[in-house]
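Dear colleague,

I am handing over the structure below, and my notes on it follow directly after.

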Amino acid sequence: MLIDTIKSLIITVGAGLLLTVGGSAGAADPGIGESTITLGMSAPFSGPNGAYGKEMKEGAMAYFAQLNAAGGILGRKIELVALDDGYETEKTVANTRKLINEQKVFALMAYYGSSPTTEAMKVFAEARVPLLGTISGAGSLRTPVNRYMFHLRASYADETEAIVNHLVGLGINQIAVFYQNDGFGKSGLDGVVAALANHKLKPVAVGSVERNSLDVATAVAQIAKGNPQAVIMATLYKPTAEFVRQMRKAGQMPQFSTLSPIGADLLVAEMGAKEAHGIGIAQVMPYPWNDTTPVIKEFHKAIRAFTKQGNYSYYGIEGFLNAKLMAEALKKLGKDPTREKLVTTLESSNFDLGGYRVGYSPTNHNGSRFVDLTVLGRDGRVLR
């Protein structure tokens, strides 16, 4: 009878940890095991934008492989559960529930997309599970500050301000906007409008494309009427490539500039170096091909060890930095990490990730405002 009573008072929690009635062991948050810390990720690994998620996951996995080979974090190895959402909002929300309720992850990282993450935020915030890093600069994810959402990259407002200031500085003031009709694209549009207003200007034309669509004909017609000197594009690589091709067929030769989610290598692969030549791209990560920056040197070494080749890209370095930031924050938590300790640690810390600096406070979860303007060269390489 006594044995049965004792058995009934032992509760299995998390990944195999035990909580006894005496409380001496303490209740660990889900995802914290004796020798592991489990993290979750939702991104597109299939569909028209699958290449984005694959590069980001590869970068993150390369970092964790390096970290685990060195002993992990205080003896615990990192396990990353990465689920495919196809860049679909409903799938991202379902994945978030699965990661929290079934996979029992400790925290989330490296999500993809403004609209998917905005809806997923309702789930992870209610569950009080932190998400560190998402491929989005949307203002809707930043204001008001959500206690459980931390940003690694600059905002679309930061990117569009840099692009507009550069164009206006060159004497270009007839600027149009081509945007994706969702949270990402609308945030980019709002950023351009606000940046132009600072110069007492307005877009000369605006056109849009639906998410996961290549139907750009209407947008081409609308924007061509404005005869712009430049078009700022808040779109992904496939619709961007189609839009540029059709604009040129229509006799329009403006300066084309895009936001960072485009993926320079993917755009060149889609269009070819000759067609992509001259397109400007705002970047929110350090240049991934020059290893003079300490974190890029580390990235190159880790990617080569993980993939047996040098697959360097902006999405790869973002995944790598996201993983490194998560690891650096986890190291500060000590032997008994909790989700709430992770949040308060992030809110009170500055991180130098090897030349890329990130810092947060309770009232500001925007980790960086770094923006670098680049252009595609004749050979398809990104030039600074």
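Arg128 lies in the loop between helix 4 (114-126) and strand 6, where helices (H or I, at least four residues) and strands (E, at least two) are DSSP runs numbered from the N terminus. The phi of Arg128 is near 60°, a positive value in a residue other than glycine, and Arg128 is exposed, with a relative accessible area of 52%; buried means under 20% relative accessible area, exposed over 50%, and partly exposed in between, with a 1.4 Å probe and protein chains only.

Please bear in mind that this is a predicted model, in which local features need pLDDT of at least 70 and side-chain atom pairs count only at pLDDT 80 or more, while totals for chains, interfaces and linings use all residues. Residues are numbered from 1 along each chain as its sequence is written, and side-chain values use heavy atoms, with hydrogens and water left out.

Lys308, in the loop between helix 11 (294-307) and helix 12, likewise has a positive phi, of about 65°, although it is not a glycine, and Lys308 is exposed, with a relative accessible area of 70%.

A cis peptide bond with omega of about -5° joins Thr143 and Pro144, and Pro144 sits in the loop between strand 6 (131-135) and strand 7 (149-150).

Leaving aside its neighbours within four places in sequence, Phe124 is in contact (heavy atoms within 4.5 Å) with Thr96, Ile100, Leu108, Thr117, Val129, Leu131, Tyr148 and Met149.

Best regards
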